[in-house]
Every structure is written in C-alpha cells, then in structure tokens.
Amino acid sequence: MLKIWGRLSSINVQKVVWAAGEVGQAFERIDVGGPFGGLDTPEFRAMNPNGQIPVLEEGDFRLWESNSIVRYLAARHGTASIWEADVARRAEAERWMDWMLSELQPALAPVLWGVVRKVPGYTEPKVIAEGMKRAETLMAILEAQLADRPFLAGERFGVADIAVGCGAHRWFNMPVERAERPAVRRWYEALFARPAAEAALPLPIA
Amino acid sequence: MSLRIYGYAGSINVRKVLWCCAELGLPFEREDWAGPFRSTSEPAFLALNPVGLVPVIDDGGAVIWESNAIIRYLATSRGREDLLPAAPLPRAQVEMWMDWQASDFNNSWRVAFQGLIRNNPDHRDPNAILRSLDTCSRMVAVIDAQLDKAGGYICGGSFTLADIAIGLSIHRWRSFPDRPALANVDRYYERLCERAGFRTYGLNGGP
C-alpha cells in the first residue's frame, strides 16, 4: 500500500492525497510536519534530503515534490483516468502546475500565514493587502482561462486541476474580501464535488 | 515549421530552453521579449501566454510556456528518453529535482542575486542578502550530497533535464561571494562545462 508522509493541512499533501483518490489507490497517511514535527530526523532526511512534505513511499522507493508525485500517480496508476498520453496536451496541463508552483502558491502563502495561521511578520494589514493584490492578479488570469473551458487544460479533468484546485480551495475559504470570479467559482465547486477532492481538502482550512 | 522561442537570452528560464535545444540539436528562431526588450504585457504576447512570462515556444502550432514544462515537452516529443525517461518512476525522479529548482532553490537565491548582481534598489537590506546567501548555500550543500550519492549527475551517472535546471542555478550561485567549498559541486560544474550547450548558455551566458 502507498504511504503518504505529511499533515493534511499542507496544500502540497492535499494534492497528493487527492491524486491518490482519483487513481483509486488506497494509502496510509502519516502526520509529520508543522505542529507534528519529525522532518529533521535522519530517517526523514534519508527519504527527502530537503526535509519537506509530502513524501510518497511505494515499495522500496520514495518520491518528493508534490507536483512530480501527482504526475507519477497519474502515469503509474491513472492511465485509465487522469493520465494524458499525448505529449503536447500533457504540456498544456503541466504548464499550469508549474505556474501554481512558482507563481500562485508563493502568492497565496503569505495571505494564509497572515489571516489564518497568524504567523508573526505576516499579520500586518499592509503585508496582507500586498499579498491579496498579487493573488487577485493571478486569480484574474485563472478567471480568463476558465471562462470558456470546463477544466484548466480543456474538456477533461486532470493533474492541473488537482494542483491549482488546491490553491482555489484555499482562496475561497480564507476569511478575506475577494473579487467575484464566477468561472473560477464554478470550476472550484465542480472540483470540490469529486469524492477524492472532498477527502483531501478539509474545512475549515488551517 | 520551425521552432520559435519567445524570450530574451539573459533570462535564466529562457536559457533552460536554449540549452535544451542545443542538447537536442534543434534549430530555432528566437524573439527578444521581457527584460530590456518588448513588454510581455503587450496583447501579442498575452495571446501566446496569458500569464505573461517568458519563455514561450511555438512548435509548429503547439504553444507551450513555463520553462520546465517546455523542456519536458521538447525532450519527450523528440524521443530523448536519456534526458527524460518514459517510465513513470525514473521520470518522476528527474521531475522532482526540476520542481524543487523552480520553487525552493530558485526562491533561495532571489534576494542575493537581485541585491548583489543586478544591483536592484529594492533588495539592499544586508541582512536579507546574508539570509538569502545562507539559505542558497545550504541548498547547494544538499545538491553536493546528492551528486556524491548519485554519481556524477543529479539523477545518476548520466545527464538529464534535471541537470539543465540545476546546472544554470549552480552557475548563478557561483557568481556570489564567500561561497562554501563543495567539491562535488565543483567537479559537477567542470563536467557541465564539457557540454557545448552549457558553455554557450551557462558559462558564457551571463550570471
């Protein structure tokens, strides 16, 4: 059985738990990271030298980095469901995953730290407002992308929806004033209705 | 139809794509966008890439953006399993180092690079620069240990796409002062310098 290392309040663990559900793989999840600690032990560092969650254990190998794990689960276990075989179509999805990693996640994180986790240094209104401004710019890009297609990469649900959908879950459930984004809202509600998503995305967010 | 690359050659992410093309022996045409050139917020650019970032490629009608997604697409579409394996597990082992480079490793050197190399007035806080240098060097030490374990390259004894992503960041790290001595990284850098693509777009491609 798959083992997923990481607390479920982590957005990156959520991606992997969701993907495992979509490809129908049972798993055991072990709480580490955040308040659970356990990332600095030699045993954990042997699994991931960067000391971060999630880590996926399958048999005698281990993978880290959430987007890579999601794509692995799709390729290894999801050929009948979420895997995209065509290389150009796959790249259309993967670019949104990369954008999530390098743009949207770094924009959402300081807002979450400020308004939900109350991390010192992030709670000042000015810092939160700057984070919101950046996040709204990116949400406007998502709104335009989703205006004329049901899913991020087109007609089919796939790995990009999992990665970016975890960001939308945070966005719509943080106690902040948001601009109306009807297309993003419709897409997010369709995603959250999937059983694998609901199991991966606890409320309230933490 | 030939391959077209949109983005100025000073961008480290554009250089990933250029180096990848050199490894693949792919001819291309390049247009200067971003940096000191045309703004990526022009409608013509946003029509290609709604997120407004370089690089973008147009490969006979397939328009792809995000540097790591582009080089995975190029290697896979040209059948180069030596650069990116087709089997899910070894492929994921290459991709996870690419994801890590694009997120944590990239973020670690940003402040130091902007402050020390680009002389960006927004990044002059000496403490923030020292923290950035320290975080970056700790990550390069992780790479040093990985190279020791893997045997020559990031994912084993042979060159992969992970080395394109990590190699350019190592090149950038080497532009910083007071770096810790890391013997495996030094040997790795010499090994990369044997490659024509790295010499053009890494070694001689700016920091």
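The model is predicted, so local features need pLDDT of at least 70 and side-chain atom pairs count only at pLDDT 80 or more, while totals for chains, interfaces and linings use all residues. Residues are numbered from 1 along each chain as its sequence is written, chains are lettered from A in the order in which they are written, and side-chain values use heavy atoms, with hydrogens and water left out.

**Inside chain B**

Chain B is split into domain 1 (3-77) and domain 2 (88-195); such bounds come from an automatic or database domain assignment. The C-alpha centres of the two domains lie 22 Å apart.

How much area do the two domains bury between them? It's about 1,300 Å², with 66% of it on carbon and sulfur atoms. Buried area here is the accessible area (1.4 Å probe) that two parts lose on being put together, summed over both. On the domain 1 side, B:Ile12, B:Trp19 and B:Arg72 lose the most, together 46% of what that side buries.

Now for the charged pairs. A salt bridge is a side-chain nitrogen of Lys or Arg within 4 Å of a carboxyl oxygen of Asp or Glu, and there are 2 of them across this domain interface.

**Between chain B and chain A**

Here the contact involves 28 residues of chain B and 29 of chain A. The buried area is about 2,600 Å², and carbon and sulfur atoms give 63% of it. B:Trp65, B:Met96 and B:Asp99 supply 21% of the area that chain B buries against chain A, more than any other three residues.

The two chains share 4 salt bridges. On the chain B side, β4 (62-65), α3 and α4 (88-117) each bring at least two residues, and α4(B) gives the most, with 13 residues.

| Side chains | Distance, N to O |
|---|---|
| B:Glu23 and B:Arg195 | 2.8 Å |
| A:Asp98 and B:Arg72 | 3.5 Å |

Definitions and conventions: Contact = heavy atoms within 4.5 Å. Helix = DSSP H or I, 4+ residues; strand = E, 2+ residues; numbered from the N terminus.
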